[in-house]
Amino acid sequence: MSESKFCKESYVVKTSIVQPPDTNGHGTLFGGKLMAYIDDIAGIAAMRHSRKAVVTASTDSVDFLHPIYAGNAVCLEAFVTYTGRSSMEIFVKVISEDLLTGDRNICALSFLTMVALGEDGKPAPIPKIVPVTDEEMSLYESGKERAEHRKRRRKDSEKRAQSFGTELPWRE
């Protein structure tokens, strides 16, 4: 596929308020809930770039840098930063805002890899990404290294999975 698209064409912003049912006993947003938000917005950015169905191939580590409290707004920003033949790296930034004081904090940063699927359900070619801003260029230039690291990590995971096997834990 010779087509190219700018990073900004995949840009997505989602904001919501953190309600008490989405918090733990400390009054902060469940980590798993935030991870679901991250996966959701990354999928939207990937579909916007590829105009195809996508699946999550990997999520790099998510470091929770600051708690997000009940009553805070949580804003996620995402865009495609790097592309392969059918895969896309998506950068997600999570910001919380105390709506009463206006204080804001970066709460998490994450990179995910999404794979575009054709109508046959198999990986399908996608447009190349074209970075423009300094932030986009920086993320793009370091994207190949992150992609290579993911490939090495996946091979290690596959090797470990084979050694663990699928036997039930209570079997001898």
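The model is predicted: local features need pLDDT of at least 70, side-chain atom pairs count only at pLDDT 80 or more, and totals for chains, interfaces and linings use all residues. Residues are numbered from 1 along each chain as its sequence is written, and side-chain values use heavy atoms, with hydrogens and water left out. The structure holds 10 salt bridges (a side-chain nitrogen of Lys or Arg within 4 Å of a carboxyl oxygen of Asp or Glu). Helices (H or I, at least four residues) and strands (E, at least two) are DSSP runs, numbered from the N terminus.

- Aspartate 60 and arginine 153 form a salt bridge through their side chains, at 3.5 Å from N to O.
- Aspartate 60 belongs to the loop between strand E3 (53-59) and strand E4 (63-64), while arginine 153 belongs to helix H3 (residues 143-164), so their contact ties together parts that are 93 residues apart in sequence.
- Arginine 146 and glutamate 89 are both buried.

- The side chains of glutamate 158 and arginine 154 meet in a salt bridge at 3.2 Å, N to O.
- These two residues, glutamate 158 and arginine 154, are four residues apart in helix H3, a separation of about one helical turn.
- Glutamate 158 is partly exposed at 42% relative accessibility, and arginine 154 is exposed at 52%.
- Through shared partners, salt bridges join Asp60, Glu89, Arg146, Arg150 and Arg153 into one network.

**Strand E5 and its pairing**

- In strand E5 (residues 73-83), 11 of the 11 residues are buried, so the strand is largely enclosed by the rest of the structure.
- Strand E2 (residues 12-17) pairs with E5 in the antiparallel sense over six bridges, where pairing requires that DSSP finds at least two bridges between two strands.
- Lysine 14 has leucine 76 in E5 as its bridge partner.
- E5 also pairs with E6 in the antiparallel sense, over 10 bridges, and the two strands form a hairpin with three residues between them.
- Valine 80 stands opposite isoleucine 90 in E6.

Methods
Buried < 20%, exposed > 50% of the residue type's maximum accessible area, 1.4 Å probe, protein only.
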